[in-house]
Amino acid sequence: MTAPSDTALGDYGCVPKPSSGVADLQARARLIRDGQFGHTLTYSPKVFIPLTQLCRDVCHYCTFAQVPSRLSAPFMRLDQVIEVARSGEAAGCTEALLTLGEKPELRYRAARDWLRSEGYETTVDYVVAACEAIVSNTGLVPHVNAGNLTYSELRRLRPVMGSFGLMLESGASGLLAREGPHFGSPDKTPWRRLATLARAGRLAIPSTTGLLVGIGEGRRQRIIDLQRIAALHDRYGHIQEVIVQNFRAKPGTRMADAPDAPLDELLWTIAAARVLLPDTISVQAPPNLSPDDLQHLATSGLNDWGGVSPVTPDHVNPEAPWPEILRLARITAESGKILQPRLPVYPRYIRDPRWLDTRMRARCLQLTDAGGRVRRDNWVAGEPLEAKPLVPAPMLLTHDPAVQRILAARLRGDSIGHRDIVRLFETADIDREAVYLCADQLRRQQAGDSVTYVVNRNINYTNVCRYSCAFCAFSKGLPKTEGRERPYDISHDEIQRRAREAWELGATEVCLQGGIHPGYDGHTYRRIVESVKQAVPELHVHAFSPLELHHGAQTLGLSLEDYLPTLVAAGLGTVPGTAAEILDDRIRELICPDKLNTREWLDTVAAAHRAGLRSTATIMFGHVDHAAHWATHLLAVRTLQVNTGGITEFVPLPFVAREAPLYRRGLSRRGPTRDECRAMHAIARIVLGDLIPNIQASWTKLGQEEALHMLGIGVNDLGGCLMNESISRAAGASHGQCWSPSAMVHAIDSARRTPVQRTTTYDTVSPGKAHPWVEGGLSLLPIELSPAAQQTTQKIA
């Protein structure tokens with residue numbers, strides 16, 4: 001690849017002049033950086049695995065490369081690789097950085113003999129095996145620095161690595177001359193390195209490259225090199241980060257007496273990289289090579305510190321120890337930024353499935369949160385795990401004025417927009433605490449200190465469903481001979497028996513929902529309501545998601561306006577606002593493409609409100625969605641409430657992943673993080689509380705302890721005692737099916753709040769009906785399920 005001409009130097013934005021002052025350039029760089037990456041500086045918690053220090057090249061500044069006589073073995077054995085990788089994983093690392101010399105078998109017989117003795121032809125063969133061992137034996141994501149590679153070599157590595165790294169270092173051909181630092185190093189020929197990066201682009205491999213500042217090149221050459229990198233990215237879109245690394249002279253090398261790269265040159269190049277490169281490419285500088293100048297680096301326009309290891313040294317720069325993460329977090333905070341851990345694969349490459357092999361993408365999704373960064377603890381919705389931190393908590397020293405303005409606006413009753421809501425979801429540390437405090441203050445104003453609950457029973461009358469929502473583990477197809485749970489229906493008599501039993505135990509409500517059975521029609525849903533009302537006329541019927549309502553009307557050829565009154569006449573009292581999932585059609589296309597779209601869901605709920613049926617509203621989050629989708633959803637619910645006023649409560653439902661098809665296929669995250677769950681409840685209060693004063697915590701998904709925690713950050717309702725629960729259990733939740741009223745009252749008292757038993761529509765239950773069963777005294781008769789193969793719609797008649 002030839003160097004751009006003088007007239008081409010402006011092709012990629014406003015190009016800095018080589019004589020540009022550092023301060024002005026940094027100011028431009030910071031504006032670009034902040035616009036793209038906001039308040040976050042990232043780093044990758046990594047374990048460094050030097051697979052071999054043999055190299056056919058002889059770079060004059062390098063101490064990593066060694067001759068065979070100085071090594072105990074030419075390569076690390078696979079058991080050593082696994083041992084080091086496991087030590088890194090135990091210390092909280094998520095990246096396995098495999099660094100090695102280039103093609104040592106072409107120079108050293110010792111390398112050839114060792115590879116042959118282990119059954120490998122080339123070093124790349126062994127790198128593939130090492131990556132496979134890491135992926136099979138740990139939860140780490142390999143990032144491979146293996147030098148120049150052919151197309152076929154990269155293609156073989158792609159399934160077992162998350163990303164690939166190859167420093168361009170410099171495109172100055174003079175560095176290969178006899179007195180140059182790259183003399184005798186054929187793999188440092190610029191066109192070879194650029195060609196390898198282009199191959200990685202053709203294979204859609206997320207890639208890292210970078211410059212080495214101060215080895216004999218000048219500012220003009222760096223501009224040309226950055227433009228070459230930008231051109232590669234323009235063509236393939238695969239350059240996820242560019243490292244700007246400063247040369248440091250090392251004793252024992254031919255360049256031991258060369259001067260270190262001046263700080264101004266490093267800062268100028270970081271800023272120039274930010275200005276020249278596409279905004280989406282991260283700019284990185286290694287913190288261990290400038291330990292006394294980190295504050296300067298943080299304000300130069302970079303947005304990433306690169307890999308930092310808590311367990312292994314920087315084998316390429318062994319004289320430069322990694323900074324402690326807490327010190328790095330403090331310096332980052334002093335710069336007004338939040339230090340956040342990331343994977344070696346950046347978030348946008350994880351979200352788009354074309355960039356990663358299926359297995360590697362599943363690994364990355366498993367490790368990340370909605371922002372695509374490393375999960376901070378092991379908490380999982382639906383699972384009774386004691387939350388343990390995996391990486392240090394974020395640190396901020398001063399509040400973000402923008403966050404303060406947003407919260408103040410809501411406390412005044414002013415509206416906030418989509419971008420404001422996204423910003424609240426992005427908060428951390430003291431800014432997140434401010435969000436929680438605001439939510440709690442609004443809760444006191446809007447709902448008081450009472451905590452409400454309803455004594456109810458869930459009846460899921462069928463698990464047969466014509467839809468195949470990717471997140472749902474409850475629904476089943478028509479009967480099969482095998483399966484985790486057989487498809488079923490519930491008979492007329494069984495529905496009535498359960499309703500009577502619930503009433504006798506003090507329930508005021510039955511909640512009825514099920515799959516969209518292909519044999520059900522609008523009459524079926526009416527008969528279900530009539531069954532309950534015949535058994536217990538006083539029992540409130542809270543039933544049928546918008547999808548079921550839509551299905552009922554459609555099967556009878558009626559409009560919702562004509563169909564809903566028949567359900568009301570039969571005794572339907574309110575409807576659950578489930579099946580909302582995420583009210584953003586981009587997400588619905590991924591998780592429930594054949595279900596109601598956003599407009600249909602909103603229109604169905606609005607029709608129910610016009611028919612006199614009040615409803616709840618929900619959000620099911622933590623799968624393939626992120627903060628922008630959550631903001632869209634909250635605003636859609638708010639607009640609906642402004643128009644109809646029919647929503648009684650808002651219920652965040654964290655995605656329970658364990659048995660969900662979407663997760664089991666490696667296509668989603670493992671549910672929201674605990675911080676994301678807490679933020680959702682708090683921000684729902686902030687966005688919706690003035691119109692929907694009741695924010696509920698779903699204890700079946702959160703667990704009782706976490707649901708009680710939500711009472712301090714905006715929640716005022718704990719939902720139902722349930723007696724039975726099938727949908728969360730089918731997805732893998734293990735927090736139980738019943739929280740008895742007496743136990744719930746005791747828990748609310750312990751939280752120093754006032755328990756109040758409510759009706760479905762938030763009236764206080766009269767003393768004559770409020771008689772919770774005694775803790776441990778719930779005794780339900782066995783549930784009778786009829787196999788779907790033997791069931792017809794007439795059985796529920």
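Both phenylalanine 425 and tryptophan 630 are buried, a term that stands for under 20% relative accessible area, with exposed meaning over 50% and partly exposed in between (1.4 Å probe, protein chains only). The model is predicted, so local features need pLDDT of at least 70 and side-chain atom pairs count only at pLDDT 80 or more, while totals for chains, interfaces and linings use all residues. Residues are numbered from 1 along each chain as its sequence is written, and side-chain values use heavy atoms, leaving out hydrogens and water.

The structure holds 13 aromatic pairs. Rings of Phe, Tyr and Trp (its six-membered ring) pair if their centres lie within 6.5 Å; planes under 30 degrees apart are stacked, over 60 edge-to-face, and the rest tilted. Phenylalanine 425 and tryptophan 630 are edge-to-face because their ring centres are 5.0 Å apart and their planes stand at 65°. This pair links distant parts of the chain, 205 residues apart: phenylalanine 425 is in helix H14 (residues 418-425) and tryptophan 630 in helix H22 (residues 627-644). Helices are DSSP runs (H or I, at least four residues), numbered from the N terminus.

Tryptophan 699 and tryptophan 739 also form an edge-to-face pair, with 5.7 Å centre to centre and 75° between the planes. Tryptophan 699 lies in helix H25 (residues 699-702) and tryptophan 739 in the loop between helix H27 (727-731) and helix H28 (741-750), so the pair ties together parts 40 residues apart in sequence. Tryptophan 699 counts as buried because its relative accessibility is 2%.

Elsewhere, Phe75, Trp114, Tyr120 and Tyr126 form one aromatic cluster.

Notes: Helices (H or I, at least four residues) and strands (E, at least two) are DSSP runs, numbered from the N terminus.
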